[in-house]
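Please walk me through this structure, one place at a time.

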Amino acid sequence: MSLKFIKHPMKVAIAGCLSVAFYAQADIKIGVAGPFSGPNATYGAQYWKGASQAAEDINAAGGINGEKIVLVQGDDACEPKQAVSVANRLVDQDKVMAVVGHFCSSSTMPASEVYDEAGVLAITPGSTNPKITERGMKTMFRMCGRDDQQGAIAADYIIDKLKAKNVVIIHDKDTYGQGLADATKASLEKRGVKEVLYEGLSRGEKDFNALVTKIGALKPDVVYFGGCHPEAGPLVRQMREQGVNAAFFSGDCIVTEEMVTAAGGPQYTKGVYMTFGNDPRTIADGKAVIEKFRASGFEPEGYTLYAYASVQTLAAAYKAAGKDNAKASDWLKANSVDTVMGKKAWDSKGDLKVSDYVVYQWDDKGKYHQL
């Protein structure tokens, strides 16, 4: 039988994408929210691929206490106002039990308020701003680390490995990007390194030549950028074109091969550093799932396996605690879950008890490797 799911807001039936049953009242509806359009759509695609495969695999194994998972997509385009609209639709119209999302912290922050008020369990695979789990929300979790953890790893590498003394910090004025830049800035300052320039650019900009001229005049050892690949790519290219050869360092929002495209080729991304979690593709627990993705022609990079693990986590909580989000939340804070990324456990805030950020570097072939 050709199986279907409903994709909003187009409200068209898409066949063959998920091996899940047609929606019935007894099924468990889970929203998958993130940027499925716009410059960060690559991360939404990663979310959807991971969540879809997890739902398919869980349903094939009998579902959650016999009930099937049905996924509903919500496109926020990494825009906060759109994220709130998506959250309200998922809660009021689609009546989801839980949400895997969002991606951009600036979307997750306001959307999570909607979920919290409705008692909907939410787990973000990729939003790292510390404030997300610092607001006392009982049903908010994340599958990733926090920017204060990520920034500390970056700062240590910049000082200990790159031996940098002159550091420029640039951010995209967004909740995620500026938050990560500030966390890295604070960690550098704790170790006695004060940035020589701290400046913001705007998301959507492509011409950074004036900024690059200012950076070049300072002769920095490292340029740290808090932001995503649509701006990071052009920034590093224009740096290289103007002869600014400082090391370029960023975070987990350039973890996509589209970073190379945005920069104009691997000759510009060669040598770029970034922080991200320990590569989940190297963890034995996920070998079978990874092979399944690759057999279908999809490389599960970036947040693909984070989204898969998020669905696994929700399924484990509902299997153990039943379809009661308060009980499921309490269960997650008291138990660990075996996921495609290994065993995961959460603290009372909904943060992972163990963060595994490491440093990667891009090579001349347009691939990144853990250092």
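**A walk through the model**

Met143 counts as buried, because its relative accessibility is 1%. Buried means under 20% relative accessible area, exposed means over 50%, and partly exposed lies in between, with a 1.4 Å probe and protein chains only. This is a predicted model, in which local features need pLDDT of at least 70, side-chain atom pairs count only at pLDDT 80 or more, and totals for chains, interfaces and linings use all residues. Residues are numbered from 1 along each chain as its sequence is written, and side-chain values use heavy atoms, with hydrogens and water left out.

Where does Met143 sit? Its place is the loop between β7 (140–142) and α4. Helices (H or I, at least four residues) and strands (E, at least two) are DSSP runs, numbered from the N terminus. Setting aside residues up to four places away in sequence, Met143 touches Ile123, Thr124, Pro125, Tyr306, Ala309, Ser310, Thr313, Lys344, Trp346 and Leu352. Contact here means heavy atoms within 4.5 Å. Ile132 is eleven residues from Met143 in sequence, and 12 Å from Met143 in space, C-alpha to C-alpha.

Next come the cysteines. A disulfide is a covalent bond between the sulfur atoms of two cysteines. The working cut-off is a pair of cysteine sulfur atoms within 2.5 Å. How many disulfides does a search of the whole structure find? The search finds two.

The link of Cys228 and Cys253 is right-handed, with 85° about the S-S bond. Are these two cysteines buried or exposed? Cys228 is buried, with a relative accessible area of 6%. Cys253 is buried, with a relative accessible area of 2%.

Counting bonded cysteines along the chain, the disulfides follow the pattern 1-2, 3-4. Cys144 is in no disulfide. The nearest cysteine sulfur to that of Cys144 belongs to Cys253, 11 Å away. Cys144 counts as buried, because its relative accessibility is 4%.

Now for the backbone. Most residues other than glycine have a negative phi, and most peptide bonds are trans. Which residues does a cis peptide bond join? It joins Gly101 and His102, with omega about -5°. His102 is in the loop between β5 and α3.

Lys95 has a positive phi, near 55°, and is a residue other than glycine. Lys95 lies in the loop between α2 and β5. Lys95 counts as exposed, because its relative accessibility is 58%. Lys163 has a positive phi of about 55° although it is not a glycine. Lys163 is in the loop between α4 (147–160) and β8 (167–171). At 57% relative accessibility, Lys163 counts as exposed.

Another loop site is Asp279, between β12 (273–277) and α10. Asp279 counts as buried, because its relative accessibility is 12%. Leaving aside neighbours within four places in sequence, Asp279 is in contact with Tyr360 and Gln370.

The last stop is a pair of helices. Two packed helices are described by the angle between their axes and the distance between the axes. The axes of α10 (residues 287–295) and α11 (residues 304–321) come within 12 Å and cross at roughly 125°. Axes are lines fitted to C-alpha atoms, for helices over the stretch in contact, and angles run from 0 to 180 degrees between N-to-C directions. The two helices are therefore oblique to each other. Angles under 35 degrees count as roughly parallel, over 145 as roughly antiparallel, 65 to 115 as roughly perpendicular, and the rest as oblique. In this contact, Val289, Ile290 and Phe293 in α10 meet Thr304, Leu305 and Tyr308 in α11.
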